[in-house]
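Biologist: Can you walk me through this one? I'd like to go topic by topic.

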Amino acid sequence: MFLARSRSLFLMAFTAGALALGASLYLEYAVGLEPCSLCTVQRFFLVLLTAICLIAAVHGPSRTGCYLYWLLSLLSSLGGMLTAWRHVLLQNSPQERWQGCSPGLEYLLGNMSWSGALKRVFQGTAECTRISWTLFDMSIPEWSLLFFVGMICLGIFQLLQFLRFTRCRAVRG
């Protein structure tokens, strides 16, 4: 029962991730919104989460595999949540602080170390503070934060179920 439910939840998480990824691509290519560097990092974590869930749904792993897949999906969701949270904080900071332009993510990764580029991305730019699109009075980073928090809740729930199931088997056996 645990494995069947886990596999269907991986499929559901993959579907949700694919829909969120499709929405972000639609906003970029059909609506014409240009993603900032933090948006690109969030999209990386979204692609990573979606790929992990797809592989897990297709693989149909054993109990240990389910545990590892949920742990990986939880870690990628945590990375996405932290990135989205930083983006929301930047959007709620005073606009006067952000005057200059910053090079794009491709330039930073090509000319700096990974840690230096990541530090520069998380410092934020003027592009990251602009709110160019909202739905129900929530910006794209706020929607992203909500999505990643939901995926974290799902991952924690599944990991706790796995631990409870393992403990019950140990007590019985």
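Modeller: Let me begin with D137. Its relative accessibility is 70%, so D137 counts as exposed. The cut-offs are under 20% relative accessible area for buried, over 50% for exposed, and partly exposed in between, with a 1.4 Å probe and protein chains only.

Biologist: What ground rules apply to the model and the numbering?

Modeller: This is a predicted model, where local features need pLDDT of at least 70, side-chain atom pairs count only at pLDDT 80 or more, and totals for chains, interfaces and linings use all residues. Residues are numbered from 1 along each chain as its sequence is written, and side-chain values use heavy atoms, with hydrogens and water left out.

Biologist: Back to D137. Where does D137 lie?

Modeller: D137 is in the loop between β1 and β2. It has a positive phi of about 65°, although it is not a glycine. F136 is found in the loop between β1 (134–135) and β2 (138–139) too. Phi of F136 is near 55°, again positive in a residue other than glycine. F136 has 68% relative accessibility, so it counts as exposed. Strands here are DSSP runs of E with at least two residues, helices are runs of H or I with at least four, and both are numbered from the N terminus.

Biologist: Now confidence. What is the mean pLDDT of the chain?

Modeller: It is 84, and 83% of the residues reach 70 or more. pLDDT is the predictor's confidence in each residue, from 0 to 100.

Biologist: Where is confidence lowest and where is it highest?

Modeller: Helix α4 (residues 105–111) is lowest, at a mean of 64. α2 is highest, at 93.

Biologist: Rings next. How many aromatic pairs does the structure hold?

Modeller: There are 6. In F10 and W70 the ring centres are 4.1 Å apart and the planes sit at 15°, so this pair is stacked. The pair links distant parts of the chain, with F10 in helix α1 (residues 2–29) and W70 in helix α3 (residues 63–91), 60 residues apart. Rings of Phe, Tyr and Trp (its six-membered ring) pair if their centres lie within 6.5 Å; planes under 30 degrees apart are stacked, over 60 edge-to-face, and the rest tilted.

Biologist: Is F10 buried or exposed? And W70, buried or exposed?

Modeller: F10 is buried, at 0% relative accessibility. W70 is buried as well, with a relative accessible area of 2%. Elsewhere, F44 and F45 make an edge-to-face pair, 5.4 Å centre to centre with 65° between the planes. F45 counts as buried at 18% relative accessibility.

Biologist: Which residues touch the most other members of the largest nonpolar core?

Modeller: F10 and W70, in a core of 27 residues. The elements giving two or more residues to this core are α1, α2 (37–59), α3 and α7 (140–172). α2 gives the largest share, 9 residues. A nonpolar core is a set of buried Ala, Val, Leu, Ile, Met, Phe, Trp, Tyr and Cys residues joined through side-chain atoms within 4.5 Å.

Biologist: What about Q42? What is in contact with Q42?

Modeller: Q42 lies in helix α2. Beyond four places in sequence, Q42 is in contact with G80, T83, A84, H87, P141, S144 and F148. At 6% relative accessibility, Q42 counts as buried.

Biologist: Cysteines, then. How many disulfides are there?

Modeller: The structure holds 0 disulfides. The sulfur of C39 is 3.5 Å from its closest cysteine sulfur, in C36, so it is too far for a bond. A disulfide needs two cysteine sulfur atoms within 2.5 Å. C39 is partly exposed, at 23% relative accessibility. C53 is buried at 1%.

Biologist: Last topic. Which residues does UniProt list for "transmembrane region"?

Modeller: The unreviewed UniProt entry lists 42–60, 67–85 and 143–163. Positions follow the numbering used here, feature names are shortened, and annotations may be inferred rather than shown by experiment. In the model, residues 42–60 are 95% helix and 0% strand, with end C-alpha atoms 27 Å apart. Residues 143–163 are 100% helix and 0% strand, with end C-alpha atoms 30 Å apart.

Technical notes:
Contact means heavy atoms within 4.5 Å.
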